[in-house]
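Biologist: Please take a close look at one part of this model, the paired side chains, and describe that part in a single connected account.

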Amino acid sequence: TLYFSEMGFADAMMRNTSKHAHAAQRGKRRAALEAKMHIYEIKIQGSSSTWKPLMDSFDTDGTGTLDANQLKQILKLWNEGIDPSDEQVAFIISIADKSGQGSVNIDELGCAAGTWMALKDDQPFINETMAKYDTDKSGSLNKDQVKLMMTDLNDGIAPDDETVDLLISVADHSKTGEINRTEVRKAVQEWYGMAALMNDRKLKEKEAAERKAQPQAGCCVAS
C-alpha cells in the first residue's frame, strides 16, 4: 500500500520501493536463521537406534536421559575436545528438552545435536554482534544494548520498551533478564518476525491518520 503526505508520486514510489526491499532482505535473513535449525536436524537426526550407542556410552547413571554434565561430554566430543561453556549447554537443553525434564532423552538428542551445530556455525555472527553491542564487556546484552541492536536490525526504527521486554522474555532462556552470547541468535531470529508485525502496524496507523487529516469532499447546494 502506497502512502503519501507532502511528497510527490515519484518520491513516494522510491520510498516504498526502498521500504519493501529492506523488508524483503530482512525476510530473507530471518528465513535463513529459521531454516538453520531444521537443516541441521534433518542432516543428523535419525531413529532412536541411531543415537543408542552414544546414549549408552554417556548415560552413565542409567536414567535414560543426559543431564548437563553428560551432555557436555558429548558436545566436547563433537567440538574436537574443547569444552563447551555451561551457558551453551544450558541453552541447548532449553531448546531440545521438549519433555520438560531438564535433561535430554534419546528422542531429543537429534535436536540437541542440531542446535549445537547451528551455534558453532553462527559463532562469527555472534562474535560480531557481541563486539558491537556488549560495550561494557559483561558477556551479555542489557535492555539498552538489546534495544540498540533491535533498532539497527530494523533500519533505524526503534522499538518501544514493551517490545524490547517482550523480546528479552522470549529469548532469555537463562532467565537473567539479559541476552547472553548463546541467546543472541534466538533473539535476532525472533526480532525479525516481531519487527515485521510492528512496522506493518505503524504503517497502517500512519495511513489511517493521514486519511483522517485529508479534507473531506463535499458539495454545494444552491438555494
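Side-chain pairs

Modeller: Aspartate 161 has a relative accessibility of 41%, which makes the residue partly exposed (buried is under 20% relative accessible area, exposed over 50%, partly exposed in between, with a 1.4 Å probe and protein chains only). The model is predicted, so local features need pLDDT of at least 70 and side-chain atom pairs pLDDT 80 or more, while totals for chains, interfaces and linings use all residues. Residues are numbered from 1 along each chain as its sequence is written, and side-chain values use heavy atoms, without hydrogens and water.

The partner of aspartate 161 is lysine 147: their side chains form a salt bridge with an N to O distance of 3.1 Å (the term needs a Lys or Arg side-chain nitrogen within 4 Å of an Asp or Glu carboxyl oxygen). Lysine 147 belongs to helix 7 and aspartate 161 to helix 8, so this pair ties together parts 14 residues apart in sequence (helices are DSSP runs of H or I, at least four residues, and strands of E, at least two, numbered from the N terminus). Lysine 147 is also partly exposed, at 26% relative accessibility.

A further salt bridge joins aspartate 165 to lysine 143, whose closest N and O atoms are 3.0 Å apart. Here aspartate 165 sits in helix 8 (residues 161-171) and lysine 143 in helix 7 (residues 143-153), so the pair ties together parts separated by 22 residues in sequence. Aspartate 165 is partly exposed, with 38% relative accessible area; lysine 143 is partly exposed too, with 30%.

The whole structure holds eight salt bridges. Among them is the pair of lysine 186 and glutamate 190, with 2.9 Å between the closest N and O atoms. Both of these residues lie in helix 9 (residues 184-213), where four residues, about one turn of the helix, separate lysine 186 from glutamate 190. Glutamate 190 has a relative accessible area of 23% and is therefore partly exposed.

Aromatic rings give one pair (rings of Phe, Tyr and Trp, the last by its six-membered ring, with centres within 6.5 Å; planes under 30 degrees apart are stacked, over 60 edge-to-face, the rest tilted). Tryptophan 51 and tryptophan 78 make up this edge-to-face pair, at 6.4 Å centre to centre and 65 degrees between the planes. The two residues are 27 residues apart and link distant parts of the chain, tryptophan 51 being in helix 2 (residues 48-58) and tryptophan 78 in helix 3 (residues 68-78). Tryptophan 51 is buried at 9% relative accessible area, whereas tryptophan 78 is partly exposed at 25% relative accessibility.
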